[in-house]
Amino acid sequence: MTDSEPDVHALLPSAEDIAGYRRDGYYVSGRIFSDDLLAAAVEGSERLYRGEYDERFAWSDDPAVDPHFGVPFTDRTRSRADGYASFHSLALRALARHPVISSIAAALTGATEIRAWKDQLIYKAPASGPGENEGVTGFHQDKRYWPTCRSDRMITAWIPLHDCSTRNGCLVVIKGSHRWRNNHALVTFDERNQDYIKSELINSEGDELVEVPLQLRCGQVSFHDCYTIHGSYPNVSDAPRRALSVHLQDGENRYRDLNFLSSAKPVFLHSHDLICRTTEKGLPDYSDPDIFPTLYRGTAR
Ligand SMILES: O=C(O)CCC(=O)C(=O)O
Ligand SMILES: [Fe+2]
């Protein structure tokens, strides 16, 4: 594939694909990104791990926003998730803000506007031995991390920077789990015991728990609903598994104030609330174009 722009229309999901996403809670795209863009993204992530930022912001050194800011990544035996990679690396921004990603997100969710919400650059180191739980991403629901978001239509694009299989710990989704809303405990990204999450925490409302490993060729992207339960197992290959998660909000998403009863000691505080502009009422504005740029505006399909 050359580095020419991909054909947006050819990559948009069909009506059948959209119905599949709404039924099962996930969708796998065709090949969106070229080898060149992905190679640049790998290089961009290595630069971040050395503490080299292409662009800096007023909050780029604030560990309250992200404890990884400016901290070189030396311990390659565990995983690491950097929360603002697309702000600091232009190569990663090219993936996160790519028009094909937001167009697909709009088609799948039915939203007429898609804004950036957040991204996460994830490095899953090879596990040091068989049977180790190293590098596991615990099964979780993304929306549980964003209780201050009023929307239930948020969506995540998961962009691997190379081929991903069960061997190097590809993303695994639980089919249809976006309908299981009584799962407030699933803030379990950092829990490594998947069996515990599956047997003790997930409430599947009587449905069978069907895990689907999303094995992707480089350039492909998977999308999951903000309530779809997903995670990943150890990387038993001998190379790191690298992916950029791009979390997106629909244009209707607004901040909801869950601290109104306990404003002296806020319970729900997203790192974004520290850096985005505020509304007239002094509340975080989730449409601040500096933090949440609009990536798609169009008509509902
Ligand atoms: O890459 C992983 O292991 C987890 C990614 C994830 O949680 C997400 O994309 O929402
Ligand atoms: Fe997630």
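Buried means under 20% relative accessible area, exposed means over 50%, and partly exposed is in between, using a 1.4 Å probe and the protein chains only. The model is predicted, so local features need pLDDT of at least 70 and side-chain atom pairs count only at pLDDT 80 or more, while totals for chains, interfaces and linings use all residues. Residues are numbered from 1 along each chain as its sequence is written, chains are lettered from A and ligands numbered from 1 in the order in which they are written, and side-chain values use heavy atoms, with hydrogens and water left out.

**View 1**
Glu205 sits in the loop between H7 and strand E7 (211–213). Helices (H or I, at least four residues) and strands (E, at least two) are DSSP runs, numbered from the N terminus. Because its relative accessible area is 46%, Glu205 counts as partly exposed. Look at its backbone too: phi is near 55 degrees, a positive value in a residue other than glycine.

**View 1. Ligand 1 and the residues around it.**
There are 14 residues around ligand 1, and Thr137, Trp158, Ser232, Arg241 and Ser245 come nearest. To be near, a residue must have a heavy atom within 4 Å of the molecule or strand in question. Oxygen atoms of ligand 1 pair up with side-chain N or O atoms: at 2.5 Å for Ser245, at 2.7 Å for Thr137 and at 3.3 Å for His224. A polar contact is a pair of N or O atoms within 3.5 Å; within protein, one must be able to donate a hydrogen and the other to accept it, and residues adjacent in sequence count only if both atoms are side-chain atoms. Taken alone, ligand 1 exposes 300 Å², and the protein buries 100% of that. Such accessible areas come from the Shrake-Rupley method with a 1.4 Å probe, and for residues only the protein chains shown count as cover.

**View 2. Inside the largest nonpolar core.**
A nonpolar core is a set of buried Ala, Val, Leu, Ile, Met, Phe, Trp, Tyr and Cys residues joined through side-chain atoms within 4.5 Å. The largest one has 59 residues, and Ile101, Phe223 and Leu244 touch the most other members. Helix H6 (residues 99–109) gives the most to this core, with seven residues. Zoom in on Ile101: leaving aside neighbours within four places in sequence, its contacts include Ile32, Phe33, Leu95, Ala157 and Phe223. Contact means heavy atoms within 4.5 Å. There is also a second, separate core of ten residues, with Cys164, Cys170, Val212 and Leu216 among them.

**View 3. Ser237 in its loop.**
Ser237 belongs to the loop between strand E9 (230–232) and strand E10 (241–250). Is Ser237 buried or exposed? Ser237 counts as buried because its relative accessibility is 16%. The side chains of Ser237 and Asn235 are joined by a polar contact of 2.7 Å, and the side chain of Ser237 also reaches the backbone oxygen of Ala239 at 3.1 Å. Beyond its neighbours within four places in sequence, Ser237 is in contact with Pro126, Arg167 and Asn168.

**View 4. Trp59 and the residues it touches.**
Trp59 is in the loop between helix H3 (35–49) and strand E2 (80–82). With 10% relative accessibility, Trp59 counts as buried. Setting aside neighbours within four places in sequence, Trp59 has contacts including Val65, Phe69, Tyr84 and Ile291.

**View 5. His184, out in the open.**
His184 is in the loop between strand E6 (171–174) and helix H7 (194–201). His184 is exposed because its relative accessible area is 57%. Its side chain makes a polar contact with the side chain of Arg144, at 3.3 Å.
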